[in-house]
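Have a look at the model first.

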Amino acid sequence: MVGVEEAKRIMMEHFANTARRFGLSELYGYIYGVLFFEDEPLSLGEIAERSGYSLSHVSTALKLLENIGLVKRIKKPGDKRAYYTAIKNIREWRKEAYYKKIEEDVKQTRENLLKALKEVENDKSEEAEKIRQRIEFALQRNAITEKILNIFLKHEDEKVLKALLECLEEKLNSENP
């Protein structure tokens, strides 16, 4: 049992450190960790008790964790309380939450670049030409990003990364024999 507790402690610290790396309080990592090791959903009070944080801090953290797709809120029939469970399949989380948010940002970027380009399309000034060139360059980069993102959304990460690595290694090795 000592090994199990140590493994849990190591992972709880990992989740806390990950939260810190993303500019969040360690609280978010510990709360995710509490839920990660549970088989059944926990109530707000149970999470607060197990994590050692106040109800208000846990409630605030759960809202963010739910918003970014790492935690799911569940209602049980006949119970007014909300229960929470961790999304444990990180591959699925990356695809559904992370990649989808990036996809949304890429589409919004494209729309705004096109709007900005339209604003200077009839302006023949030197400054307008510089802005057009920068916007067109950004549109090209945005299109590449969108293509790469679509590949990740349509295929498993591991397959894409393996193919990408093989392609890069082959290309780099052929340039530097």
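The questions and answers below set computed values against their definitions.

This is a predicted model, in which local features need pLDDT of at least 70, side-chain atom pairs count only at pLDDT 80 or more, and totals for chains, interfaces and linings use all residues. Residues are numbered from 1 along each chain as its sequence is written, and side-chain values use heavy atoms, with hydrogens and water left out.

Q: How do you know that the span of helix H4 agrees with its number of residues?
A: Helices (H or I, at least four residues) and strands (E, at least two) are DSSP runs, numbered from the N terminus. The expected span is 1.5 Å times one less than the number of residues. For the 13 residues of H4 (residues 55-67) that gives 18 Å, and the end C-alpha atoms are 18 Å apart, so the two agree.

Q: Which residues of H4 are buried, and which are exposed?
A: Buried means under 20% relative accessible area, exposed over 50%, and partly exposed in between (1.4 Å probe, protein chains only). Val 58, Ala 61, Leu 62 and Leu 65 are the buried ones. Viewed along the axis of H4, these buried residues fall within an arc of 105°, so they line one face of the helix; the arc is that of the directions from the helix axis to the C-beta atoms. Ser 56, Lys 63 and Asn 67 are exposed on the other side.

Q: What do the buried residues of H4 pack against?
A: Contact means heavy atoms within 4.5 Å. The partners are helix H2 (26-36), helix H3 (44-51), strand E2 (71-75) and strand E3 (82-86).

Q: What makes E2 and E3 a pair of strands?
A: Two strands pair if DSSP finds at least two bridges between them. E2 and E3 have five bridges, in the antiparallel sense, so they meet that definition. Lys 72 stands opposite Thr 85 in E3. The two strands form a hairpin with six residues between them, and Gly 78 in the turn has a positive phi of about 80°.

Q: Why is one side of E1 and of E2 left without a neighbour in the sheet?
A: The open sheet has three strands in the order E1-E3-E2, with antiparallel pairing. Strand E1 (42-43) and E2 stand at the edges with a single partner strand each, so one side of each has no neighbour in the sheet. E1 and E3 pair over two bridges, and Leu 42 stands opposite Tyr 84 in E3.

Q: Why is the pair of Phe 36 and Phe 37 called edge-to-face?
A: Rings of Phe, Tyr and Trp (its six-membered ring) pair if their centres lie within 6.5 Å; planes under 30 degrees apart count as stacked, over 60 as edge-to-face and the rest as tilted. A search of the whole structure finds four aromatic pairs. In the pair of Phe 36 and Phe 37 the centres are 5.2 Å apart and the planes stand at 90°, so the pair is edge-to-face. Ring pairs link Phe 15, Tyr 32, Phe 36 and Phe 37 into a cluster.

Q: Does Arg 132 count as buried or exposed?
A: Arg 132, in helix H6 (residues 126-154), has 13% relative accessibility, so the residue counts as buried.

Q: What makes Asn 122 exposed?
A: Its relative accessibility is 64%, so Asn 122 counts as exposed. Asn 122 sits in the loop between helix H5 (90-119) and H6.
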